[in-house]
Amino acid sequence: MSLLQVQDLKTSYGKVNVLAGVSFQVEPGETYALVGESGSGKTTVIRAIAGLAPAQHGSVKFNGMEIRGASERKLRPLRKDIAMMFQDPVGSLSPRLTVGRLITEPYKIQGMKDRDLNLEAKRLLEMVNLPSHFADRFPYQLSGGQARRVGVARALALEPKLILADEPTAGLDVSVQGELLNLLNDLRERLGLAMVIITHNLNVVRHVADRMGIMYLGRLVEEGTTEEIFRASRHPYTRCLLSANSEPDPDARLERIALKGEPPSLLTRPHGCEFRERCPFAHSGCERVPVWEVENGHGLRCLAPLTS
Amino acid sequence: MTEVLLEIDNLSVDYETGRGDLKALRNISFSLNKGEIVGIVGESGCGKSTLISSILRLTAPNTRFREGEVRFKGRNLLNISEQDMRSLRGSDISIVFQDPMQTHNPVLTIGRQMLDIQHRSSATKAEKLHRAAEMLSAVGIPDPQARLKQFPHEFSGGMRQRIAIAMALMSEPDLLIADEPTTALDATLEVQIIEHLRSLQQDMNCAVLFISHHLGVIAELCDRVVVMYAGAVVESGDVREIFGNPKHPYTRRLIDCDPGHIKERARVLPTIPGEVPDLANLPKGCIFRERCDQAMPRCTASVPPLQTIAEITGHRAACWLNHEEMAS
């Protein structure tokens, strides 16, 4: 049984269909990456999984149990198992609490009174490679990288089975970015964590994710193992994203596939294939609505698929 | 013949703080020729922002220029009058900021803002609007006439950044400062911005000082690169030299850390352990010493000067290792 099973998840705010049916699953210990442009719905997906965003339709099963639309009372014990790392590392820490209080707050909320909080704080800080005297610091005294690690420590406090990480390396310098990714990789191996990671940095995806899903306008357009997507992606949008990946080499031959125009408004979704108007490979047949097809574990929603 | 446009000469800038002087820039020297694109690369706290605000003289009140000059077309900008400085900003030197969502005035239409920015021109309103529409289409905004009547919130982030570029280039400046113009944008939009910037730069032959921490973009766009670390230039030179034959351990480590560099899935990604030193309390010797895996006793004793390594390519680096190499 999959640890997390998301089926046809739909979210709309008024007339704006942010998610138009998203399905994927994550196995225990697996890292799944969601990639796509700003506004493609990545953050809404993980917020909906965590019960922080509404989802009017579909299902989210965690360990086989339906949690979409569950009451806060029913969700609270589950929050031990599903932890969230928010996008803004400093903004997600209360400015008036010390690091020690921040990372041990989950124990209080879960009513685990038997724990020695000082000891736990020390253990957690050690786990994310921060010195133990950091427990007395306030968020404004932390650098971006340190605040991230505090976010990781807090997410790990209750030994979750699943971590939802929203842009975990955004805003970090490259020399520190590797440190955080190594930490996540290491913890995943040691604790058997499963992760859903959102990022628009494809260079990062390659090193952390087992499988990845590419989102466009609130839908998955392609899904597969990271290795397969990088080697033999078939959706033109995926190819555009991959080709936009830059390399630190002035002589790199970049065969760029330019995207035409801007992402369309969610209020006026295009007819037929929603990527059609921006797609360099679209043909007249793309006026039909493409269906999701899966072949050897490689999912695709495209009427003009590319071959390698 | 290349003509020097901007010359930063031994510039040192401090911030006065309660803890003493924070030495934000120390002996910075580099130059920018007419029509050239120079990239400044460095991580948080390297002094990129202090450098830009020093060039534009838009510095915080506690800023102290301790030493050196910023020469633009031969004139030292640090001692001209505020009035002269003001006439340079926005006409000879313009800037594109990092955050496209906060660059524009939210309560004025784009057309109004593009008119306002031409306040020095004696053209009629109709001519100015025509020019504005031309610039919008040059950065790939479809239907520019209609778009001029719209407000900033009606544009996407990528479009707003392109409008910011259009506005910065309206006066055909000699120098454009681009302060991390793609950091807030997705990779696909980043590509668009870079393409537009490059083609406009070629049309207008304006020089660009491109500030970024993104090595891939620097490699793609720039002719020459200046690498900064903790308020000092550690290496500078031709883009191919910097990326192909880096001579400072920090540059080497930085390139190693870029995950775009590593094609196979890596279990452990390279990092640079340690933190940037406290600039209010500078350590002795080389600024990178504490994080450098090749540090020698000499690195603690004194600060290595920025030394020419190859005359032809203008490759310079500030590291004692190169001195040892040359001596032997």
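**Sheets, helices and a ring pair: a short tour**

Hi everyone, let's start in chain B, where helix α12 (residues 320-327) lies across β11 and β12 (315-317), running at about 55° to β11(B). Contact here means heavy atoms within 4.5 Å. Helices (H or I, at least four residues) and strands (E, at least two) are DSSP runs, numbered from the N terminus. Axes are lines fitted to C-alpha atoms, for helices over the stretch in contact, and angles run from 0 to 180 degrees between N-to-C directions.

A quick word on the source: this is a predicted model, where local features need pLDDT of at least 70 and side-chain atom pairs count only at pLDDT 80 or more, while totals for chains, interfaces and linings use all residues. Residues are numbered from 1 along each chain as its sequence is written, chains are lettered from A and ligands numbered from 1 in the order in which they are written, and side-chain values use heavy atoms, leaving out hydrogens and water.

Now the sheet itself. Chain B has an open, mixed sheet of eight strands, in the order β6-β7-β8-β3-β9-β10-β12-β11; two strands pair if DSSP finds at least two bridges between them. β6 (93-96) and β11 (307-310) of chain B are at the edges with a single partner strand each, so one side of each has no neighbour in the sheet. On average, neighbouring strands of this sheet are turned by 20° against each other, direction ignored.

Over to chain A. Its open sheet of four strands is antiparallel, ordered β2-β1-β4-β5, with β2 (16-26) and β5 (65-66) of chain A as the edge strands. Inside it, β1 (residues 4-13) and β4 (residues 57-62) of chain A pair over five bridges, and A:Lys10 stands opposite A:His57.

Last stop, aromatic rings. How many aromatic pairs does the structure hold over all chains? Seven, counting rings of Phe, Tyr and Trp (its six-membered ring) with centres within 6.5 Å; planes under 30 degrees apart count as stacked, over 60 as edge-to-face and the rest as tilted. A:Tyr216 and A:Phe275 have ring centres 5.1 Å apart and planes at 80°, so this pair is edge-to-face. The pair links distant parts of the chain, 59 residues apart.
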